[in-house]
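Please open the structure in a viewer and keep the selection panel at hand.

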Amino acid sequence: MTLRELLGAIAAGALALAALPWLASDFLLSLALTCLMYIGLAVTWAMFSGATNYLSLATSAFFGIGAYVTAWGFGSLPYALVVPLGGLAAAAFAALVGAGILHLRGAYFAVLTFGLGELVRHAITYSEKTYAHTVGRVLQDAPESSVVYWTVLLVAAAAVAACAAVRASRLGLALAGIGADEERAQTLGVDTRAAKITAFAIAAFFAGALGAAVAVRWTYIEPASVFNPFIGFQTVLIAMIGGAQTLAGPMISAVVFSLLTELLRLQFPYAYLIVLGVLLIVLVLYLPGGLASLVGRWRRVRA
Amino acid sequence: MRRTLLKAAVAVALGSASAFAGLAPAQAQDAPVRIGYAIARTGPWAAGAQITQEPNYIMWAEQVNAAGGLNVKGKKRKVELIGLDDRSEAETMVRTYEKLMGSDKVDLILPPWGTGANFAVMPLIQKFGYPMVAPTATGRKLLGMKNPYFFAILQQPDLMMDALGEFLKARNVKTAAVIHVDELFGLEQAAALEKSFKEKGIRIIEKKSYPLGVKDLKPVLNDIKAKNPDAFVALSYPPDTFLVTAQAREIAFNPKAFYASVGTAFPVYRDKMGPAIEGVMGLGTLNPKSSPAAKAYFDAHMARHKKEPDRWASAHAWAALQVMQQAVAKVGLDRKALRDAIAGGEFDTVIGKVRFRNGENATTPGVVSQWQGREFEVVWPPDRATAPALHPKPAWK
């Protein structure tokens, strides 16, 4: 499939999903919203981390920055402006920090990116307390749930489209080159530093925009709840299970994982985590290439 | 390839959707009253939720069913609880309540645990019109939303802090040092405390804050010890309540009055700290000695869960269920009428008579409790006291 066809398919899929508010109940709509949120987070995470093998745990930090932009801006600025601003704030932060930490590799990079979430959380807590004399912020008159859904759909579709475009571009090749062997890529003349920072910032933009878009649903924004490290872990898990090297893998995985978690949670309110844990272990043991590798296997069997 | 994947995804989505639809039981004439809630069983909110709130829900439903069912305007119907894990996540919780109220159309809902979670359900209960009586939500901001369906049954910060101020003034305390957690709860309590202490002529000689999840408070405590205040107040959350107690004891900082906030009322605080906490004060509403109803509640909780309830918000959770129960007996399950009945009625509960004014519990006073032996004795106000106060606090053991 060429990039053009792929982008067309993404647009068509997004258009079809845009009809959901008229078809589905509130609950199914918010379930779809969660799926879309994790699609957006997982594909952009995979775009950077899957390709380069830089394991980033900074998703929660970016997501939380976006949510806080909503906390500050919503009410005085329109929702349609707050969402891209949340993305821009996260992207600016990622570019700034990325310039300082993207020379680290392996566990050092992972631990440092995890620390970013804590750093931002404490920085915001401190500044809110000192200058605003409060820590939590109340959001009133949130947009309709259908508006939030369309916004998240738009951001998620844009995220997938951006990842498809990156994969087909020189930047995508550079990232893959970094993942394969960073020194070699450097020797061959790739500006690895610029490539890494750009991709890191693009991923942060979408995580921030998603955080800004979703936060209006929570009425009350406080650092402890929006800088939830679980969101970052779940994103990594989804992308890995789906197959972080692919575009479709994290998407399928986000949907399967979100629906499966929800189904288990509702059907087995006490035991679902055990079931989920066992399923994850089985998946990792028997399907190391992720869900996306199933398709390849299936094709081989058919051929 | 993409088309195949898309098909697979759609199939999974449809399959799950039909599975969810299958969850809703058929409506029958004498179907049980379905009561839904989301609460933390996993994640950081679970500890508080599982000490203070959900055990009461379960015990209440069992007691009601054992007595033949819930009195719905004169007719007894069994109760069916639909309790789901919110994973300590706002998004999961909002989604679950959307399902309970929007898709399953349960008869009643019960609140989630914690102020933040209650905030997040606020717009939904107004949209779907479900009254909710919350035992673990405090803050003027919450009440400031003026949601007609929301009722806070726990004492608000100003009441609790003013009770402490009165208690200390009555014991001629002149100076105090305060530390608080940097969080809505800590900030609101600290503001209320400053206002009350000012009125009572108690001088605050030191005020420090610390972040959520702090691991060491010794430097702060050492500073405060050097200033030798009459009273020390920590507006703390459970982990820091344990920390500040242990570290004050370690450096032998023993002011005449020692107060810590959330968590002092937990039996596990006493069990973990041992006799060292003799004389430590904190947030609490009642204990088994408060009334025969309180004794019956503690005994039932002990018999059902093999553990004591905490001495503050647990009883409020139970009282919230009693409010709901009495209102349903009076007006049935019409939720608008139910809301009006809760807003306008007076209810007989384990924490005493309860009436609401503008969504706030208008009858339960601020209370100060103090550990003496194995009991968290109520020491203020005098008409609720279960024991005379130990003042000054004895030395740490």
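Select α3(B) and α4(B) first: the crossing of these two helices is right-handed. A crossing is called right-handed if the near helix is turned clockwise from the far one by less than a right angle, and left-handed if anticlockwise. Helix α3 spans residues 90–103 of chain B and helix α4 residues 115–128 of chain B; helices (H or I, at least four residues) and strands (E, at least two) are DSSP runs, numbered from the N terminus.

The model is a predicted one, in which local features need pLDDT of at least 70, side-chain atom pairs count only at pLDDT 80 or more, and totals for chains, interfaces and linings use all residues. Residues are numbered from 1 along each chain as its sequence is written, while chains are lettered from A and ligands numbered from 1 in the order in which they are written.

Two packed helices are described by the angle between their axes and the distance between the axes. For α3(B) and α4(B) the angle is about 25 degrees and the axes lie 10 Å apart. Axes are lines fitted to C-alpha atoms, for helices over the stretch in contact, and angles run from 0 to 180 degrees between N-to-C directions.

Next, display the residues where the helices meet. On α3(B) they include B:Met93, B:Val94 and B:Tyr97, and on α4(B) they include B:Ala120, B:Val121 and B:Leu124. Contact here requires C-beta atoms, placed from the backbone, within 7 Å. By class, this contact has 10 nonpolar, two polar and one charged residues. Ala, Val, Leu, Ile, Met, Phe, Trp, Tyr, Cys and Pro count as nonpolar, Asp, Glu, Lys and Arg as charged, and the others, Gly among them, as polar.

Now colour chain B by domain. Domain 1 comprises 32–155 + 292–361 and domain 2 comprises 157–289 + 367–384, with bounds from an automatic or database domain assignment. Their centres, taken over C-alpha atoms, are 28 Å apart. Where they touch, 17 residues of domain 1 of chain B contact 17 residues of domain 2 of chain B. On the domain 1 side, α11 (292–305) and α12 (313–331) of chain B each supply at least two residues, and α11(B) gives the most, with three residues.

Turn to the contact between the chains. How many residues does each chain bring to it? Chain A and chain B give 38 residues each. On the side of chain A, α12(A) provides the largest share, eight residues. That side divides into 23 nonpolar, 10 polar and five charged residues.

Within chain A, select α5 (residues 79–101) and α9(A), which pack at an angle of about 145 degrees with their axes 6 Å apart. Their crossing is right-handed.

Finally, colour by pLDDT, the predictor's confidence in each residue, from 0 to 100. Chain A has a mean of 92, and chain B averages 91. In chain A, confidence is lowest in helix α14 (residues 292–302), at a mean of 78, and highest in helix α9 (residues 192–215), at 97. The model scores ipTM 0.88 and pTM 0.88.

Key. Contact = placed C-beta atoms within 7 Å.
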